[in-house]
Amino acid sequence: MNCDFPLDCEKAETDDPKLSFLETPANTATLTLDAVRLLMDAAVRTNNFPAMWQLKIRYGITLSAAQLKDVLWHTLPPQSFHVYVIPSADNKVRMALDLMTHDDASKRVVSDFLQEVLKKKGHAEMVVNRLAGSKILNENAQKEALDFFVSIGVFDEVKALKEQYGLSLNNRQLKELLLKVYASKRNSSHLQWILSSYDKDNKSCIETLCEVLRTVATQQQEYSRELLDRSYGNFFDNYMEFINTLLSHDVKDQTAVDAAMTKAVSTLCPEGLTWAGQLKTNYQATMDPAKLEVAIDKAVDERQFFLLKLIVPLFTSDEDADMANNRVLEKLASKLDPCYEFFYRMAKNACNQLLEISGCSSQKALDTLIKKAIENRDIPWASELNSKYDAYLDIEMFESHICKEVMVVKRCKHTDPYYLGDLITSLRFFKADNPNLPGAIEKVVDRIRNMEKFPLQQNVVDKLRSFLADIHPPLMT
């Protein structure tokens with residue numbers, strides 16, 4: 001029998017191909033079914049897909065289960081599916097599926113063939129996808145295909161298999177996929193889909209979600225390079241988005257949210273600290289107060305004063321928050337250096353923000369701030385601290401400041417009492433019920449009287465005596 005078929009199987013088409021020997025005038029005689037089967041056997045042996053297709057179109061004959069197995073197994077590469085063999089193998093599998101008989105035996109062959117494909121190394125995704133898309137895989141083959149796509153993290157194909165066969169992710173697959181999507185830094189749509197693809201009534205899956213949340217949340221050390229460097233592959237953004245997504249799906253684990261809050265604080269950036277506040281508010285996250293103190297110290301030492309208003313509210317108890325606020329104000333006072341005007345303004349603004357948000361229960365901290373304001377000759381701020389928060393100068397500072405103000409008036413030889421404004425304003429900065437105040441004023445008055453004469457000398461003495469008479473009238477004679 002003449003078996004001179006065209007051998008270029010890569011040019012096979014799904015539409016009616018060009019004329020072959022079967023359709024030439026010399027071969028127009030009707031063949032018997034047995035003869036057609038022999039022709040199909042010959043086409044299978046020579047892997048001649050165009051001839052197989054012509055036989056199907058002309059005579060309606062399809063591949064038997066045995067023939068299908070021969071054809072499919074012939075498409076397997078010797079060792080692995082590498083880039084050069086994948087397109088050819090996929091094309092041959094596609095044609096074999098078009099030529100097959102849809103009986104139970106043939107369907108078993110397709111499922112068995114999937115197992116053989118999975119044994120090969122390399123990138124068999126295209127072929128596995130082709131077989132899965134045939135909708136004829138048995139239950140075991142379906143699960144194996146799902147496992148395969150889960151193992152390589154091809155989320156679209158996992159989704160397609162779930163929708164096509166009604167499969168649900170088991171706890172192992174769920175964990176593997178979640179960790180892969182986190183490691184791959186994929187967008188949240190993949191994560192959202194995964195979280196909608198597991199059996200919500202499966203207790204082990206729910207436990208797995210909590211385990212994954214805990215694993216991811218606790219994996220990095222505080223102040224690590226990944227967390228601190230925002231350009232390091234967007235690590236923190238991916239970390240935050242992943243945890244937020246799981247939390248939004250009611251995945252709850254207190255260890256995880258506490259760890260996430262700690263990591264968020266250690267970023268020392270507005271976004272991280274804001275997130276830490278959200279975790280505290282929405283999920284009752286807490287962290288070690290000592291670590292918050294470390295964050296405060298770092299923010300102050302690195303002159304990131306604007307972060308302090310975000311850190312202080314993160315303390316769990318009001319008592320801890322109050323103590324931290326007082327401590328921060330004291331630390332900021334040490335940064336109020338008049339030699340560096342820019343940093344002075346930054347520290348001053350941070351103090352004002354904290355005072356507006358939390359106030360201050362430490363008289364020591366308030367008195368330290370007004371002392372720094374006076375040292376920097378920032379009389380308006382000192383006045384604000386005194387009037388709003390009852391900040392006062394101590395006696396030693398009183399004597400020093402009044403004498404300095406007088407020396408300025410003397411040195412400049414002012415004659416207009418207008419220039420005594422700062423000195424008069426400063427008199428309010430001393431606590432009137434201080435028993436040492438009258439003596440201090442008398443001491444300053446004596447020093448002024450003993451100075452070399454200057455225009456407003458008597459005016460200054462009169463103002464000081466008038467101030468003393470107002471606050472301690474019985475003491476005046």
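Helices (H or I, at least four residues) and strands (E, at least two) are DSSP runs, numbered from the N terminus.

**Figure 1. The whole protein chain, in predicted form.** By that definition, the secondary structure of the chain comes to 25 helices and 2 strands. The structure is a predicted model, in which local features need pLDDT of at least 70, side-chain atom pairs count only at pLDDT 80 or more, and totals for chains, interfaces and linings use all residues. Residues are numbered from 1 along each chain as its sequence is written, and side-chain values use heavy atoms, with hydrogens and water left out. Of the 477 residues of the protein chain, 44% count as buried; here buried means under 20% relative accessible area, exposed over 50%, and partly exposed in between (1.4 Å probe, protein chains only). Contact means heavy atoms within 4.5 Å. Among contacts between residues at least 6 apart in sequence, 70% join residues at least 24 apart.

Figure 2. Helix H6 takes in residues 125-132, and its Val 127, Val 128, Leu 131 and Ala 132 are buried. What do the buried residues of H6 pack against? Look for strand S1 (80-81), helix H4 (86-99), helix H5 (104-119), helix H7 (139-152) and helix H8 (155-165).

**Figure 3. Helix H6 meeting helix H7.** Two packed helices are described by the angle between their axes and the distance between the axes. The axes are lines fitted to C-alpha atoms, for helices over the stretch in contact, and angles run from 0 to 180 degrees between N-to-C directions. For H6 and H7, the axes come within 11 Å and cross at roughly 145°. H6 passes H7 in a left-handed crossing; a crossing is left-handed if the near helix is turned anticlockwise from the far one by less than a right angle, and right-handed if clockwise. On the H6 side you will find Glu 125, Val 128 and Asn 129, which meet Ala 145, Phe 148, Phe 149 and Ile 152 in H7. The residues of this contact of H6 with H7 divide into 5 nonpolar, 1 polar and 1 charged. In this count, Ala, Val, Leu, Ile, Met, Phe, Trp, Tyr, Cys and Pro are nonpolar, Asp, Glu, Lys and Arg are charged, and the others, Gly among them, are polar.

**Figure 4. Helix H5 packed with helix H7.** The axes of H5 and H7 are 9 Å apart, and the two helices pack at an angle of about 25°. That makes H5 roughly parallel to H7. Angles under 35 degrees count as roughly parallel, over 145 as roughly antiparallel, 65 to 115 as roughly perpendicular and the rest as oblique. H5 passes H7 in a left-handed crossing. Ser 111, Leu 114, Gln 115 and Leu 118 of H5 make the contact with Ala 141, Glu 144, Ala 145 and Phe 148 of H7. The residues of the contact of H5 with H7 divide into 5 nonpolar, 2 polar and 1 charged.

**Figure 5. Helix H19 with helix H21.** How do these two helices run? The axes of H19 (residues 341-358) and H21 (residues 379-389) come within 13 Å and cross at roughly 10°. That makes H19 roughly parallel to H21. H19 passes H21 in a left-handed crossing. From H19, the contact is made by Tyr 344, Lys 348, Cys 351, Asn 352, Leu 355 and Glu 356, and from H21 by Trp 381, Glu 384, Leu 385 and Tyr 389. The residues of this contact of H19 with H21 divide into 6 nonpolar, 1 polar and 3 charged.

**Figure 6. Loop residues Asn 47 and Arg 303.** Asn 47 has its place in the loop between helix H1 (33-45) and helix H2 (49-59). Although Asn 47 is not a glycine, it has a positive phi of about 60°. Is Asn 47 buried or exposed? With a relative accessible area of 8%, Asn 47 is buried. Arg 303 lies in the loop between helix H16 (289-301) and helix H17 (308-311). Arg 303 has a positive phi of about 60°, although it is not a glycine, and at 34% relative accessibility it counts as partly exposed.
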